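Me: I would like to learn how to read a protein model with DNA, step by step. Could you take me through some of its features, giving the general idea before the particular case?

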Protein chains: 2
Amino acid sequence: MRADARRNRERIVAVAGVAIAEQGADASLEEIARRAGVGSATLHRHFPTRQVLLEAVFRDRVEELCDRARATAAELPPGPALVVWLRSVGRHAAANRGLAASLMRGADPSFGSACHAMITAAGEELVSAARRAGDVRSDVAVVDLLTLTNAVSLAAEGDPAEADRLLTLALEGIRPA
Amino acid sequence: MRADARRNRERIVAVAGVAIAEQGADASLEEIARRAGVGSATLHRHFPTRQVLLEAVFRDRVEELCDRARATAAELPPGPALVVWLRSVGRHAAANRGLAASLMRGADPSFGSACHAMITAAGEELVSAARRAGDVRSDVAVVDLLTLTNAVSLAAEGDPAEADRLLTLALEGIRPA
DNA sequence: CGGTAAACGGAGTGGGCCCCCGTTTCCTGG
DNA sequence: CCAGGAAACGGGGGCCCACTCCGTTTACCG
């Protein structure tokens with residue numbers, strides 16, 4: 001891949017991240033191209049469909065979340081670490097507005113499962129540690145917690161305190177009986 | 001309001017309901033007009049913005065849900081009635097895809113609060129009955145349950161069994177300690 | 001430093017949203 | 001029953017956006 005191509009690609013992803021945070025997942029692709037200082041054709045060559053661009057933006061966040069999972073596990077005891085990390089997941093979902101939802105209904109299941117696998121693997125360590133510590137029921141899976149967290153953040157859009165309240169409520173049920 | 005105007009308005013709402021169920025909240029307004037047998041100008045006169053049309057479609061579902069709340073309360077004991085009704089809420093949210101989400105981020109708060117009030121009032125009776133029966137914690141509000149239910153249905157889009165599982169999990173926390 | 005292949009970007013196409021305005025349809029009072 | 005007027009209709013046009021084509025420019029390599 002040529003150097004200028006890589007440079008443009010990175011600029012587009014960065015600008016798209018900002019635009020999506022500002023205007024939601026249906027931000028104008030032409031404006032993103034303009035703000036990135038490239039022609040619309042360049043944007044469409046790198047990202048043939050809006051979905052592909054959203055995926056590229058989302059991939060960055062996913063990797064950041066995975067890093068944060070490891071960092072949190074190193075700093076806190078198992079139970080609190082899990083909750084704190086889930087709050088991070090929630091904040092990211094809220095910051096990205098409906099980005100996750102747009103990707104869920106996207107036509108490419110392989111990307112979805114890839115991110116799913118990455119984030120699930122990162123969360124798995126936190127959950128199994130919390131389970132060993134007796135803070136989580138044995139029939140609660142990582143994916144359940146992630147789905148609930150995403151859903152709550154989506155529903156409480158724009159109100160972090162509300163999201164925290166609802167998440168706390170939803171997580172009430174994960175402790176062993 | 002003239003008879004033909006009312007007829008067209010009803011046709012448009014009905015067709016829009018089908019189109020939204022098929023294609024999501026961003027279905028083509030022109031195709032809706034075409035399928036309803038009216039010109040695009042007529043659609044835009046009745047519904048100046050897409051948001052207004054979505055609201056009209058949503059209003060029908062809300063009224064149906066309110067009716068169902070009363071019917072369920074009459075047929076079942078308080079605790080089960082609440083859960084059964086929340087499942088109805090979840091099924092409707094799933095059937096309408098992201099319609100509820102689109103309305104949440106809409107610019108008209110008065111409509112949102114109106115529906116909010118209607119559905120909250122309908123659910124309030126179920127919740128207070130369940131609370132008197134000792135099935136619900138005193139610090140859990142109707143709005144919390146509705147938000148959770150909507151969020152879960154949104155997240156488990158297209159998989160009723162999954163939605164039921166997650167909702168059951170989320171509702172684990174509403175019982176008194 | 002020159003040639004080549006890759007990448008770029010402006011211009012063009014098609015479709016969607018929305019509005020203007022001449023035409024048609026409905027209601028009502030005589 | 002009918003005629004006048006207001007209300008509703010809908011085709012056509014403007015504008016914006018997603019997406020593509022192709023002549024031009026740029027980066028890499030020998």
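This is a predicted model: local features need pLDDT of at least 70, side-chain atom pairs count only at pLDDT 80 or more; totals for chains, interfaces and linings use all residues.

Me: How many helices and how many strands does chain A have?

Reply: Helices (H or I, at least four residues) and strands (E, at least two) are DSSP runs, numbered from the N terminus. Chain A has nine helices and zero strands.

Me: Where in chain A is confidence lowest, and where is it highest?

Reply: The predictor's confidence in each residue is called pLDDT and runs from 0 to 100. The average for chain A is 89, and 95% of the residues score at least 70. Within chain A, helix H6 (residues 99-104) has the lowest confidence, with a mean of 73, whereas H3(A) has the highest, at 97.

Me: What percentage of the residues of chain A count as buried?

Reply: A residue is buried under 20% relative accessible area, exposed over 50%, and partly exposed in between, using a 1.4 Å probe and protein chains only. By that rule, 45% of the 177 residues of chain A are buried.

Me: Why does B:Asp144 count as buried, and which residues is B:Asp144 in contact with?

Reply: B:Asp144, which sits in helix H8 (residues 142-155) of chain B, counts as buried because its relative accessibility is 2%. Apart from neighbours within four places in sequence, B:Asp144 is in contact with A:Glu162, A:Arg165, A:Leu166, A:Leu169 and B:Asp139. A polar contact is a pair of N or O atoms within 3.5 Å; within protein, one must be able to donate a hydrogen and the other to accept it, and residues adjacent in sequence count only if both atoms are side-chain atoms. The side chains of B:Asp144 and A:Arg165 are joined by a polar contact of 2.9 Å.

Me: Which residues are closest to DNA strand D?

Reply: A residue is near a strand if one of its heavy atoms lies within 4 Å of it. DNA strand D is surrounded by 23 residues, the closest being A:Glu30, B:Arg2, B:Asn8, B:Ala41 and B:Arg45. Of the atoms of DNA strand D that come within 4 Å of the protein, 54% belong to sugar and phosphate.

Me: Which residues are closest to DNA strand C?

Reply: Here 23 residues surround DNA strand C, and the closest are A:Arg2, A:Asn8, A:Ala41, A:Arg45 and B:Glu30. A side-chain N or O atom of A:Asn8 is 2.5 Å from a phosphate oxygen of DNA strand C, while a backbone N or O atom of B:Glu30 lies 3.1 Å from a phosphate oxygen of DNA strand C. The most residues on the surface near DNA strand C, five, come from H3(A).

How values were computed:
Residues are numbered from 1 along each chain as its sequence is written. Chains are lettered from A and ligands numbered from 1 in the order in which they are written. Side-chain values use heavy atoms; hydrogens and water are left out. Contact means heavy atoms within 4.5 Å.
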